[in-house]
Amino acid sequence: VRDAKDWKHTKYYHYKNIGDVDYFQDLEQLSDKDRKKGDVLRAIMRAEDVLRESSSSQDEKRVALRFMIHFVADLHQPLHL
């Protein structure tokens with residue numbers, strides 16, 4: 001789905017650059033634009049929200065679970081975090 005137009009926004013979800021501050025301090029320092037882009041940790045949290053939400057459709061949950069598995073695997077890859 002990487003090259004599909006509808007999924008272009010997910011390119012930022014595959015990594016997180018770590019600086020000299022903890023994650024939450026880093027979030028506070030980001031611009032609104034960068035905060036909206038997201039990162040791998042926020043993508044996992046969003047997927048978790050979809051999976052927990054009873055109003056999410058089965059299709060939404062299926063996509064969220066696939067992304068969550070993918071992103072957790074990304075966390076273990078060099079240069080992704």
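This is a predicted model: local features need pLDDT of at least 70, side-chain atom pairs count only at pLDDT 80 or more; totals for chains, interfaces and linings use all residues.

Q: Where does serine 56 lie?
A: Serine 56 is found in the loop that runs between helix 3 (40-52) and helix 4 (58-75).

Q: Which residues is serine 56 in contact with, leaving aside its neighbours within four places in sequence?
A: They are Val50 and Lys61.

Q: What makes the pairing of glutamate 53 with serine 55 a polar contact?
A: Their side chains approach to 3.1 Å. The limit for such a pair of N or O atoms is 3.5 Å, so the term polar contact applies to glutamate 53 and serine 55. Glutamate 53 also has its place in the loop between helix 3 and helix 4. At 39% relative accessibility, glutamate 53 counts as partly exposed.

Q: How many salt bridges are there?
A: The count comes to 3. In general, side chains of opposite charge can pair when their charged atoms come close.

Q: What makes the meeting of arginine 42 and aspartate 39 a salt bridge?
A: The distance from N to O is 3.0 Å. The cut-off is 4 Å, so the side chains of arginine 42 and aspartate 39 meet the rule.

Q: How do you know whether arginine 42 and aspartate 39 are buried or exposed?
A: Arginine 42 has a relative accessible area of 11%, and aspartate 39 has one of 3%. The limit for buried is under 20%, so arginine 42 is buried and aspartate 39 is buried. Aspartate 39 has a further polar approach at the start of helix 3, where one of its side-chain oxygens comes to within 2.9 Å of the backbone nitrogen of leucine 41.

Q: What are the accessibilities of arginine 52 and glutamate 48, whose side chains meet in a salt bridge?
A: Arginine 52 has a relative accessible area of 65%. Exposed means over 50%, so arginine 52 is exposed. Glutamate 48, at 31%, counts as partly exposed. The N to O distance in this salt bridge is 2.8 Å. Both residues lie in helix 3, 4 residues apart, about one turn of the helix.

Q: How far apart are the closest N and O atoms of aspartate 59 and arginine 62?
A: They are 3.2 Å apart. The cut-off for a salt bridge is 4 Å, and aspartate 59 and arginine 62 form one. These residues are 3 residues apart in helix 4, which means a separation of about one helical turn. Aspartate 59 counts as partly exposed at 48%, and arginine 62 counts as partly exposed at 40%.

Q: How do you know what span helix 4 should have?
A: Helix 4 has 18 residues, and at 1.5 Å a residue these should span 26 Å. Its end C-alpha atoms are 26 Å apart, so the two values agree.

Q: Which residues of helix 4 are buried, and why are they said to line one face?
A: Ala64, Phe67, Met68, Phe71 and Asp74 are buried. Seen down the axis of helix 4, the buried residues fall within an arc of 120°, so they line one face of the helix. The face turned away from that side carries the exposed residues Gln58, Arg66 and Ile69. Helix 3 is included in what covers the buried residues of helix 4.

Q: What do the buried residues of helix 3 pack against?
A: They pack against helix 1 (23-29), helix 2 (32-37) and helix 4. The buried residues of helix 3 are Val40, Arg42, Ala43, Ile44 and Ala47.

Q: What pattern does the protein chain follow along the sequence?
A: The pattern is α-α-α-α, and the chain has 4 helices and 0 strands. Of its 81 residues, 23% are buried.

Conventions. Residues are numbered from 1 along each chain as its sequence is written. Side-chain values use heavy atoms; hydrogens and water are left out. Helices (H or I, at least four residues) and strands (E, at least two) are DSSP runs, numbered from the N terminus. Contact means heavy atoms within 4.5 Å. Buried means under 20% relative accessible area, exposed over 50%, partly exposed in between (1.4 Å probe, protein chains only). The expected span of a helix is 1.5 Å times one less than its number of residues. The arc is that of the directions from the helix axis to the C-beta atoms. A polar contact is a pair of N or O atoms within 3.5 Å; within protein, one must be able to donate a hydrogen and the other to accept it, and residues adjacent in sequence count only if both atoms are side-chain atoms.
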